[in-house]
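Let's take a friendly walk through a protein model, one level at a time. Please have a look at the picture first.

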Protein chains: 2
Amino acid sequence: MFDSADLEHRMDKAQYQTEEPLLRRALLDAQYALASRPGFPVLIIIGGVDGAGKGETVNLLNEWMDPRHIHTHAFSEPTGEEAERPPMWRYWRVLPPKGNIGIFFGSWYTAPLLRRVLGDDGQDALDSHVAAILRHERMLVDEGVLLIKFWFHLSKDQQRKRLKALESDPKTRWRVTPDEWRRFRKYDRFRAVSADVVRQTSTAGAPWIVVPGADHRYRSITAGRILLEALQARLAHVPEVHTEAPAPLPQLENVKLLRDLDLGKKLGKRRYERRLEKLQGELNLLSRAKRFRHRALAVVFEGSDAAGKGSTIRRVTAALDARFFRVIPIAAPSEEERAHPYLWRFWRHLPPHGRVTLFDRSWYGRVLVERVEGFCAQPDWMRAYSEINDFEDQIAASGTVLSKFWLQISPEEQLRRFKEREDIAHKRFKITADDWRNRERRDAYEAAVADMVDRTSSRSAPWTLVEAEDKNYGRIKVLQTLVDQLDAAL
Amino acid sequence: MFDSADLEHRMDKAQYQTEEPLLRRALLDAQYALASRPGFPVLIIIGGVDGAGKGETVNLLNEWMDPRHIHTHAFSEPTGEEAERPPMWRYWRVLPPKGNIGIFFGSWYTAPLLRRVLGDDGQDALDSHVAAILRHERMLVDEGVLLIKFWFHLSKDQQRKRLKALESDPKTRWRVTPDEWRRFRKYDRFRAVSADVVRQTSTAGAPWIVVPGADHRYRSITAGRILLEALQARLAHVPEVHTEAPAPLPQLENVKLLRDLDLGKKLGKRRYERRLEKLQGELNLLSRAKRFRHRALAVVFEGSDAAGKGSTIRRVTAALDARFFRVIPIAAPSEEERAHPYLWRFWRHLPPHGRVTLFDRSWYGRVLVERVEGFCAQPDWMRAYSEINDFEDQIAASGTVLSKFWLQISPEEQLRRFKEREDIAHKRFKITADDWRNRERRDAYEAAVADMVDRTSSRSAPWTLVEAEDKNYGRIKVLQTLVDQLDAAL
């Protein structure tokens, strides 16, 4: 992987002085074209060996281009707020919006690589990280992010010379600490591990660019040129517009899943109230348990219109201390949310330790309403299943308990509730023309729901189908499930 | 202040059962009216003594209303990210947007009160906190926030009984720790200090509501009713619309400040380059100094169009490590920003320790473009001066060095630069019809600039007027000033 970069690459001063102003001008033009018509975000990942010019290149790019539209993020130890979420959270929170360039100095590669080099992780752990990174980057690229990955390389000999040179100059001496030399002694191992990772994660959509780092002129012009070419190519590229209606959905056998639900299940008022009080008490105790202080709970509520999501959520929150939960209603995304990849707006609401987040509708919108109404193209919702599985695996792996509920009612009951809502003043806001229209697509929605449940029920984040025709029965089933899942997890 | 609340206040069960459903329904209606036509945010502050029902009331409000539009925040110790900013930052970052209700459990009152009660602060320190709080709340109210402050009260005797009752019930025993009893022993002092603060901070726009906390029915209905009345009154209130043009600006003597600048000041290329290199080196060293790791730097750039803000900023950032600075270009606010008070979008970008934020235009827009173009009403920009002074005082008090530059050029030079921009392809994006129009209002802008400099130059955050007619001269003056200010501060 690094063989060609090991060779001597140089650029003389005259050539640099000819190329630099042209490159700079062209980069600035490309950057303004991007900013003035924000179609996509650019994310530049900087990796490589110490002394190979990572920091210098980052500074140079900021100097060459307009720093107002570049956001550079250096990642060292996670802050307290970051440490309480899945490891990817810190990268999601600073993902550049459309029209902007983000530079990540240090990235999701850093920790897995170093842990393997230092022997803290075995090869299996590294392989699994690499697989997760591949899926993550694939998702970013599919979401329209222009992802450019630079690996700055030095041969062992070059690195030794470089560290010595830095050390002997009083102006740069501070940059070489015993840490640098300690890492240098691991050069061979670092090289071997990183060569594997760089090779495995060089994909068509996001290849690594290995930049020989010894000669600063060659290195700078090379990195600048690669960036320019990538920007220009993408700016010139007119993305395919999916105007055709989505292909008809194959009617799978799996809708049986929903049709077979026994919507006749009922719970009388007396028993309901007794069980409600008992379950709320249990949930309250669990949420205050010592063991919960290093865990968190995320709950997803999905269901057709008028299925009772809101009133069920209120039976759950009534059991919780208001200081420790948040309800996130998911409607149309804001301007800022639209400028980011699809999952960004859900990542930002993940609960920290000891807290509960209840999502009233969720990331499943993509495979439900967006699929059925054709708001997103078929390839986009098709890939969403695995993206969502990845997202939820990360939530679960970080110790957050994830519960997901689908509330099911019959068309007749839905109609009854719609009419009731129209009659009751303070519920009228809840019924819109959309609701009536959605009713007509019930078959398409049911197919989408069945696919969703089939494809995204995992051991760590199973779907619970709730017979919600009788409100009492549905609410108790949700509370009982939450109590069981939380109890099992703690 | 608490005399009437000391008395016995009770509500019998029958009355509660009559009133509660009506109140609940009305609150929900008011909340939906607010959410469906988001005109203002609601902020509820919860204070008072332990055991007086603070937590219960917060939970009840979440139960009575729709928790999807309520955000409850409990403030305990600041997180790492919060501790590196001015104390108010943690409250700004979770301020509710328009249409939402925020509940602050603990607030800007908590720390000053407790520090005074425990004797860590003297009376002067408390007085100064109270004055700052008054200005802060005044600003929130002026910005349209409906601010409701509940103080839950118990007499000493009631508190003792309440703690004992909690202690003797196995279900609530966990709530009474030695801390509660330790605080109880300070009851008299806590009462005396808080009575003063509650009285002093009960203003027309944001009065404290002292709620007797002993009887849960009386307390709950009272808090709910007060909230309902405040919501209904505000929803019914049609805010004055300022349609008339702003009153003509008084032409003060102070424009001399700008007119007297010697725009003939120049710096030759050779000397410029030598000084640029030297100053960038000095700035770089200062930004890497150990002493800077617990400080931060915020720099404001204002100036007429084409005065050279962007190119000057690039001369500054070229001296800095890209990992440690951010440039924040200020243009029209986003949807999310418009839903918050004016200063919110600047608070969110304040640098943490060891970092530099450069604002390309800033919060001064309110007293410059918004004043001159009539984008905001005269009373609004008039009050902005003191709000900005408060904001900057907080920045400075937290250890952040704040530098502010006004770049001045002559009308002739501006015209020359506009024409040049139109000729150069990659600069064309920089010139718009607005720029030409703004030129015609030069007198009005100069008056606004002079007022701004007069009213917001403070010892900790002075304005530096920069003769920017000659770009070299202007850039060196900015760099030299930054180096001097940073050096003096560290």
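## Before we start

This is a predicted model, in which local features need pLDDT of at least 70, side-chain atom pairs count only at pLDDT 80 or more, and totals for chains, interfaces and linings use all residues. Residues are numbered from 1 along each chain as its sequence is written, while chains are lettered from A and ligands numbered from 1 in the order in which they are written.

## Two domains in chain A

Chain A is assigned domain 1 (3-236) and domain 2 (253-489); such bounds come from an automatic or database domain assignment. Between the C-alpha centres of domain 1 and domain 2 of chain A there are 40 Å.

The domains touch: 18 residues of domain 1 of chain A are in contact with 18 residues of domain 2 of chain A. Here, contact requires that the C-beta atoms of two residues, placed from the backbone, lie within 7 Å. On the domain 1 side, α5 (89-92) and α7 (123-142) of chain A are the elements that give two or more residues, and α7(A) gives the most, with 4 residues. Helices (H or I, at least four residues) and strands (E, at least two) are DSSP runs, numbered from the N terminus.

By class, this side of domain 1 has 10 nonpolar, no polar and 8 charged residues. Ala, Val, Leu, Ile, Met, Phe, Trp, Tyr, Cys and Pro count as nonpolar, Asp, Glu, Lys and Arg as charged, and the others, Gly among them, as polar.

## A pair of helices

How do α2(A) and α11(A) cross, left-handed or right-handed? Their crossing is left-handed, meaning that the near helix is turned anticlockwise from the far one by less than a right angle (clockwise would be right-handed). Residues that make this contact include L23(A) and L27(A) of α2(A), and L228(A) and L231(A) of α11(A). By class, the contact of α2(A) with α11(A) has 12 nonpolar, 2 polar and 4 charged residues.

## Two chains together

Chain A and chain B each bring 36 residues to their contact. Elements of chain A that supply at least two residues each include α2 (13-36), α3 (54-64) and β7 (325-329). The chain A side divides into 12 nonpolar, 11 polar and 13 charged residues.

The copies meet through the same surface, because 97% of the interface residues of chain A are also interface residues in chain B.
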